[in-house]
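Hi everyone, thanks for coming.

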Amino acid sequence: MNEEILLEMKDIHKRFPGVYALNSVDFSLRKGEVHALMGENGAGKSTLIKVLTGVYTKDEGEIRMSGNSEALDIRSPQDAQKYGISTVYQEITLCPNLSVAENIYIGRGSGAVQNWKEMNEGADKILKSLDIPARATQQLGSCSLAVQQMVAIARAVDQECKVLILDEPTSSLDEEEVEKLFGLMRDLKSRGVGIIFVTHFLDQVYEICDRITVLRDGKLVGAYDIANLPRVQLVSKMLGKDMDDLSDIKGSAETYKAESNMPPVYEAEGLQSNAGIKPFNFHVNKGEITGFTGLLGSGRSECVRAIFGADRVIGGKVKKNGKEVTIKNSYQAMKNGIAYLPEDRKRDGIIGDLSIRDNIILALQVMRGFFKPMSKAEAQKFADDYIKLLDIKTPNADKPIGELSGGNQQKCILARWLLMNPEYLILDEPTRGIDIGTKTDIQKLALKLASEGMSITFISSEIEEMLRTCSRMIVMRDRRVVGELSGNELTQNTIMSTIAGGSEK
């Protein structure tokens with residue numbers, strides 16, 4: 001093994017019933033480098049990580065690390081830890097009700113836990129050495145998400161990890177928090193730790209990474225130095241085809257021709273919920289895509305949750321197609337033809353242990369009533385139709401949805417609401433944490449549905465994505481509406497200046 005190479009995976013194979021998840025994949029990691037693992041959802045990234053960390057056992061191939069003369073036999077996460085391989089996941093797996101020190105040392109034997117003074121002093125030393133803004137005695141839950149991620153990394157570092165895997169660590173962080181995390185990553189890199197960085201944010205890859213390995217359909221596309229792989233080429237390799245100009249998606253879509261005297265499909269006046277947003281006015285026309293935009297915490301998600309009745313509505317009037325209606329909860333929203341794909345699909349969207357089929361038919365079954373269950377044949381047909389329509393990657397509809405990649409889970413929730421044939425569809429961060437190809441599919445689908453007359457509200461943290469899909473945007477700041485933009489006003493500069501200093505509306 002090359003002395004600079006810290007980790008080498010050769011000819012890795014992993015099969016599941018009906019799926020060849022990894023087919024002769026190679027991967028190498030050097031000492032002191034940040035290496036991006038890229039690919040669409042279903043490309044094999046998660047499977048490769050799970051093989052490396054012992055969650056899955058490989059069918060064929062070898063894993064070697066410098067300092068070990070024999071190939072590694074990794075059959076559990078504990079085996080991986082023994083060899084210095086640690087993972088920090090997107091969903092933080094620490095205990096928020098315990099102190100920072102307890103989270104660093106938990107499960108590490110009784111000695112440190114019994115000596116509280118020594119444990120706290122040791123934790124403070126680790127935190128200081130890594131420049132993490134937290135105290136050992138502080139409750140973890142009181143820390144920001146970024147600091148919680150850093151504590152998870154500190155735990156791994158203190159266990160003398162040589163390989164650190166960061167799985168979508170920045171998906172819930174704002175820009176300032178991302179920079180703090182990157183500072184810690186650069187510090188670890190200078191100490192010789194090899195970091196595998198799994199992310200869907202291209203800007204972050206080009207800011208922090210040294211090399212990129214691209215997987216597609218369970219196979220290795222190639223490994224590249226960051227300086228030798230322009231972004232357009234990276235996207236092309238991930239998709240397996242030349243990259244279309246995404247900015248032209250909107251220009252090529254047809255628009256719905258609404259009648260001039262048609263009332264808005266949905267209209268709110270002074271709407272307010274118990275989530276702290278100020279009363280706001282809002283409407284969406286038939287066949288229109290509107291958007292709520294603003295910085296993290298601006299109140300954009302709280303606005304659509306109020307529209308759907310997901311948070312308790314405490315004020316305001318609502319009209320549906322010109323007639324006043326009552327929408328105080330999600331069931332009333334669904335009865336009025338409103339559907340909502342939530343921001344947090346794991347918490348509010350999927351039921352992980354249920355099958356893909358059961359997740360897809362869930363909303364329709366709720367509306368029919370559980371005393372009128374649909375037949376298995378009808379449920380199967382609905383599931384099969386939408387698996388095909390949305391190109392959901394699965395061997396069958398019986399597979400638990402929790403075993404799918406994030407992008408395919410998102411498509412299943414989208415299928416659930418499309419099955420309801422709603423008049424008004426709310427999509428809150430529908431492309432967060434999923435690959436570029438699926439992002440493009442969802443954007444194109446939104447434009448197609450709007451062209452057929454469906455009203456849509458689209459929320460995304462990526463302004464470019466909003467500009468590609470929305471014809472009108474509501475700008476939020478500090479949980480209140482500060483502007484409304486349309487037509488030639490829809491530019492990145494105008495949106496940012498409105499966020500920074502728009503007048504209240």
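The chain divides into three parts: domain 1 (5-229), domain 2 (257-337 + 423-435 + 452-505) and domain 3 (345-421). Those bounds come from an automatic or database domain assignment. Please keep in mind that this is a predicted model, where local features need pLDDT of at least 70, side-chain atom pairs count only at pLDDT 80 or more, and totals for chains, interfaces and linings use all residues. Residues are numbered from 1 along each chain as its sequence is written, and side-chain values use heavy atoms, with hydrogens and water left out.

How confident is the predictor? The chain averages a pLDDT (confidence in each residue, from 0 to 100) of 85, and 90% of the residues score at least 70. Strand β11 (residues 280-284) has the highest confidence, at 96, while helix α4 (residues 110-114) has the lowest, at a mean of 48. Helices (H or I, at least four residues) and strands (E, at least two) are DSSP runs here, numbered from the N terminus.

Now to domains 2 and 3. Their centres, taken over C-alpha atoms, are separated by 26 Å. In contact, meaning heavy atoms within 4.5 Å, are 15 residues of domain 2 and 13 residues of domain 3. The size of an interface is often given as the accessible area lost when the parts come together. Between domain 2 and domain 3 the buried area (accessible area lost, 1.4 Å probe, summed over both parts) is about 890 Å², and carbon and sulfur atoms give 70% of it.

What about salt bridges across the interface of domain 2 and domain 3? With a side-chain nitrogen of Lys or Arg within 4 Å of a carboxyl oxygen of Asp or Glu as the rule, there are zero. Two residue pairs are in polar contact across it, both at pLDDT 80 or more; that term means a pair of N or O atoms within 3.5 Å, one able to donate a hydrogen and the other to accept it, with residues adjacent in sequence counting only if both atoms are side-chain atoms. On the domain 2 side, α11 (300-308), α12 (330-335) and β16 (424-428) each supply at least two residues, and α12 gives the most, with three.

Let's look at one residue of α11. R305 lies in that helix, and its side chain makes a polar contact with the side chain of D311 at 3.0 Å.

Finally, E60 forms a salt bridge with R15, the closest N and O atoms being 2.8 Å apart. This pair links strand β4 (residues 60-65) with strand β1 (residues 5-16), 45 residues apart.

How values were computed: Buried area is the accessible area (1.4 Å probe) that two parts lose on being put together, summed over both. pLDDT is the predictor's confidence in each residue, from 0 to 100.
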